[in-house]
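Hi,

Here is the structure I said I would pass on.

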Amino acid sequence: MKSPVFALALSTLLLSACSGGIIPKGGASAPSTTPAPDVAAKPVPATPVPPVAAAAATGEILNAASAGLVRGPAIGSLSVDPRKTNLALASFRASCPGLLKRTDNSGLTQGSDWQDACDAVKTWTGDAISFFATYMDAVQVGEGKAFVTGYFEPEIAGSRTKQPGYDVAIYKRPPDLIDVDLGQFSDDLKGKSIRGKVQGTKFIPYDERAAIVNGSLAGRGLEIAWAADPIEFFFLQIQGSGRLRLPDGGVMRIGYESQNGRGYTGIGRLMKDRGLITDGSMQGIVKYLRENPEEGKKIMNENKSFVFFRELTGAGPLGAMGYPVVGEASVAVDPKYVPLGAPVWLSLDRAEPNGIWVAQDTGGAIKGANRFDSFWGAGDRARAIAGGMSARGSALLFLPKAAVARLIPTVE
């Protein structure tokens, strides 16, 4: 998931840490050292509709339902790329089993709302945009002003066994790592959880990054592989999944299994605030870490979050829904504002991410309405686009017509 898969775009890298204690799943996306490809045209994003006044008057905005909804334009009138729209339709089809059974924390839909669309998509043979227009309506959440970063599936040098040149341990989830649903103890804490371990009669925070890097889990048979470079592995952890390029030329794919429950801290902001780097670029961050290895270790350890992995043998890196995320089709979202599995339409000031995506992932730094992290797959092109992605514009959600009619009744 961001929930797996994350190396940080400048905007995300400079974000403040996630709140400590509450489980942050995944991360966000990181800039690449490869320049982003030229964009043929710089599109002008669509202007969001003014939000409903009632949203601001409610005081506390907890999810999409309390942020306020506005009907969007007809889906058939939206500008889309047919190729990408077909990818989105396939991703929506794959997400349907989860859509029908998941609890929607956004407050917008119920599983049954998606039944007609999920039944129809199994045998749909028409064009993709007509499908979405037939079974869904577009809505704007809150102000509708979108901010989009990017993530990709990185590839680093690694080995299945510890050997010279490969000595950075990649761990699976430890058996003593325990999740606690705080909602079982208090209604005020519903939807919140913490992660830690039992020590004697007390429940305490799990080991932070520094302790794990220094060997607190060593000798317990938890290693699933070994990385060659601690800095590259650090950023693969932020991505949440990736590929290990093995000494024999093979590839081992690993994906997010769990996380130690410690809050995520973006080191780019720390370094910039301390005057260690000036522009906050990925190149500057990596250059400093390599030129100052001891200080670099200390800086990386200030991000106390540590990700545990498992080997992936199926298709693609898995998103928060448990399905493979697809390059140019899957986005990470905040599930309090977007139902996981729902289509999203983006109109931004950068060309590549415009069009229809499907919310199939989450991320520790992806918080709030209209905040998205776009997935670009693997390889040099994906790294280049994701690494430089920082786009602003507007966003619409596609929801079942019955849900929209219930949420925004038509005034006769």
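Predicted model: local features only at pLDDT ≥ 70, side-chain atom pairs only at ≥ 80, totals over all residues.

Let's start with the cysteines. The count of disulfides comes to 1, and the bond joins Cys96 to Cys118, with the sulfurs 2.1 Å apart. Cys96 sits in helix α4 and Cys118 in helix α5 (residues 115-121), so the pair, 22 residues apart, links distant parts of the chain. Which hand does the disulfide have? The torsion about the S-S bond of Cys96 and Cys118 is about -90 degrees, so the disulfide is left-handed. Both cysteines, Cys96 and Cys118, are buried.

Helix α4 (residues 82-101) also packs on helix α6 (residues 128-135): the angle is about 55 degrees and the axes are 8 Å apart. On the α4 side the contact is made by Thr85, Asn86, Ala88, Leu89 and Phe92, which meet Ala128, Ile129, Phe131 and Phe132 of α6. By class, that contact has 7 nonpolar and 2 polar residues, and no charged ones.

Some of these names come back in the largest nonpolar core, which has 58 residues. The members that touch the most others are Phe92, Phe131, Phe132, Met136, Val338, Phe372 and Phe398. Strand β17 (residues 390-400) gives this core its largest share, 6 residues. Another core, of 26 residues, lies apart from the largest one, and its members include Ile156, Ala157, Ala169 and Ile254.

In helix α12 (residues 380-387) the buried residues are Ala382, Ala384, Ile385, Ala386 and Gly387, and they pack against β3 (145-153) and β16 (371-378).

The other spot is Tyr264, in the loop between β11 (251-259) and α9 (267-273). Is Tyr264 buried or exposed? Its relative accessibility is 6%, and the cut-off for buried is under 20%, so Tyr264 counts as buried. Tyr264 is 26 residues from Ile238 in sequence, while their C-alpha atoms are 9.1 Å apart in space.

Cheers

Methods. Residues numbered from 1 in each chain as written. Heavy atoms only, no water. Axes fitted to C-alpha atoms, helices over the stretch in contact; angles between N-to-C directions. Helix = DSSP H or I, 4+ residues; strand = E, 2+ residues; numbered from the N terminus. Contact = heavy atoms within 4.5 Å. Nonpolar A, V, L, I, M, F, W, Y, C, P; charged D, E, K, R; others polar. Buried < 20%, exposed > 50% of the residue type's maximum accessible area, 1.4 Å probe, protein only. Core = buried A, V, L, I, M, F, W, Y, C linked by side-chain atoms within 4.5 Å. Disulfide = S-S within 2.5 Å.
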